[in-house]
Structures are given as structure tokens and as C-alpha cells.
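Please look through the sequence and the model below before reading on. The paragraphs that follow begin with one residue and then widen to the whole chain.

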Amino acid sequence: MGYISAINYAVIFFPFAALLFTMPFILSQYHKYGSISFLKSIITYLFIFYLICAYFLVILPLPTIEEVAKLSTPQIQPIPFEFMIDFINHTSFDITNYHTYIKAMKESYFYVPMFNILLTIPFGFFLKYYFKCGMKTTIIYTFLLSLFFELTQLTGLYFIYPRGYRLCDIDDLILNTLGGLIGFIISKPLINILPKIDYINANATEKGKIISGPRRTLAFLLDLFILFIIEIITIIIFEYNTYLTIIIALLYYFIIPLFLNTSTPGKKYLNIAVLDYNGTKNIPRLLLRKFLVILIYIIIPISIFKIIININNGITEFLGLIILGNLFILYSITTIKYIFTGKDIIYEKLSKTKLVSTIK
């Protein structure tokens, strides 16, 4: 029941862990391949879910601090293969009587060591299948994972508790490492029937040669985020200054792309360049594109808004609001169309520039 309870907690916690992992995963996939493979995403999230389950199986159930403070049991078991001696001495197993075999397998001195083996079999499998690790690397990584689990127990969940509430056992290191090795071995025949990771990556790279709507949007948001961080740091150092804020934004969008092969830092990270319709680097058209973006999406709306608030004529204000509303609808429609169809937006048509993937 303890195992099932730990898995239930993992199911509850998984959406939160997935949410934290999603953006780094998306950024890394777009950076490396230019697209996101649905199948690879499923495999990745299965791996994350497995790690959460394994971790919760190691730490749960959590006792109270008072209960742990009263413990006087040993915290470390340093003798290798002690589990074999315990199995022989404390179970009903009798090698001369096969009737005791099944009964002994139902006792804790058998199924607890078996659980420690089973715990890391998926880890070894994932290392071989997904990360393409060799046997030696798989053994090392599995040992380190097991060591992390044992230190978690020994330190009382990183010193939250006054002492360890579970036994740090050298046999667990041995059995967990054996489980990773078994996972590595059994992965070999299974890999032949599962989708090849190389094929999945190659397919993602091929799709990445065309810039998708989500990739365009992510590049735009990433640039805004990077610029926001730069602006915040500048404000902390020099205090807020409107002109300095504008200068930094102009440098970010107009000057930096001249040194990054027409890309802003966000676009550069996502392997996106801005070229003209002939597929060449054209600085005048790049600068025209930037100016048109500012004109269409910033200067014109702000100018209309200022005219509205500075004129007390009710009819003029009403007409101005109608114009602003129509502009908002027009911008929204063209942006959605741009994201989902990939067709050139107005400032691209006027500057005769387009976004091009640099994924090879």
C-alpha cells in the first residue's frame, strides 16, 4: 500500500513538475531541432514521471519530526550483500524444499531487495534508449542516482529531520545499480520495435527547416523576456530613466541584430534569421522592417490615443475609439493569421523581408 500511495502522490505532483519543465524543454528543442516532436515529448514526460515516482517511493511516507527524534535505530548498513544473509536467515526459504520458494518470495526480505532492483530498471532503459548511453555510463549514472537516494535518506531529507528516518544501505547501492544494468540489457531488444530516437530527431530537424507559428511567437516572447531582464538590471544600477529605457530597446532591436546575422538574441537562440525575399542579408531592409514594426504597432496607436485624450469633442473621441478598436481587431486578426498560417504580415510585405530558419 505504501508503494501505491507514493505513486498516487507522484500523479498529483506531476502536473506541477511538468509545468516547471515545459518551457526549458520547449526552448531546448526549438534551439536544437527547430521544432518539437510530439512523440519525443511523450517519452520525455514519461521519464520525468518515472523519476518523480522513484523519488517519492524513496522518501514517502514522511514521519513527523517528533517521531524521527525518538528513533534510535541504525542509520547506515555498511556491509555489502547483507540482504543475501538476511534472506537465508530470516525467511522460510529452504533450498532442499521447493515448496518454500513461493512462500519466501512473499516475505519482505525477498521483495524489498527485488523492489530496489526494479526501481532503477526503467532508468537504465531510458539511459540506453533515449540518451543513447553505453553500459559503463549507464552503470555510473545509475550508481549516482542511487547514491542521491541514499544521501537523501541519510541526511534526513536534507536535514529537515534531525536524523535519517530510513536506513542508508550499501546493498541498495548495489541492487539499484544492478537494476540500471538490467534496464540497459533489456532495452536492446525493445529498441528494435520502438521508434528510433535518431529518426525522431531527424524528423524534428526536417520540420525545423520551416518556421512554425509557435516558434515565431516563442522567439518574440523570448526577446521581450531578455529585454525585460536587461531593463530591470539597468534600472537597478542607474535608476529609472525613460530615455535610457528607450535607448536600450533600440540597441536591442536595431543594433545587436547587425552583429548577430540579422537576428535578435531570442531569434538567434531559436535559429531564426531575417532575410530579404531573395534569401540574402539586407541591412537596409532589416532596419526598414524594424521601423515599420514600431510605426504600425507603437507610434500610430499611441498617436491616435493621445489625440483622443487631448480633444474634448465627444464625436471626435468616439471616432477615435472606433479607429483604435478597429486597429486592435485588425492587428489581432493579422497576428493570429501570421502565427497559424505563416503568411507574411504587413511590415514584412512592405520591407520585403521574412523569417528564415537557420537549421541545417
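Which residues does glutamate 150 touch, not counting residues up to four places away in sequence? In this predicted model, the residues that glutamate 150 touches beyond that range are Leu167, Cys168, Asp169, Asp172 and Leu173. Glutamate 150 itself belongs to helix 7, which covers residues 135-154. Although glutamate 150 is buried, no salt bridge is found for it, and the nearest side chain of opposite charge, that of arginine 166, is 8.5 Å away. A salt bridge would need a side-chain nitrogen of Lys or Arg within 4 Å of a carboxyl oxygen of Asp or Glu.

The fold comes next. Among contacts with a separation of 6 or more, 72% are made by residues 24 or more positions apart.

As for overall dimensions, the C-alpha atoms fill a box of roughly 100 × 50 × 35 Å along the principal axes. The radius of gyration of the protein chain is 30 Å, whereas a compact globule of 360 residues would have one near 21 Å. Of the 360 residues, 37% count as buried, and the protein chain exposes about 21,600 Å², with carbon and sulfur atoms supplying 74% of that area.

Technical notes: Residues are numbered from 1 along each chain as its sequence is written. This is a predicted model: local features need pLDDT of at least 70, side-chain atom pairs count only at pLDDT 80 or more; totals for chains, interfaces and linings use all residues. Side-chain values use heavy atoms; hydrogens and water are left out. The radius of gyration is taken over C-alpha atoms; the globule rule is 2.2 Å times the number of residues to the power 0.38. Buried means under 20% relative accessible area, exposed over 50%, partly exposed in between (1.4 Å probe, protein chains only). Contact means heavy atoms within 4.5 Å. Accessible areas come from the Shrake-Rupley method with a 1.4 Å probe; for residues, only the protein chains shown count as cover. Helices (H or I, at least four residues) and strands (E, at least two) are DSSP runs, numbered from the N terminus. Lys and Arg count as positive and Asp and Glu as negative; His and the chain ends are not counted.
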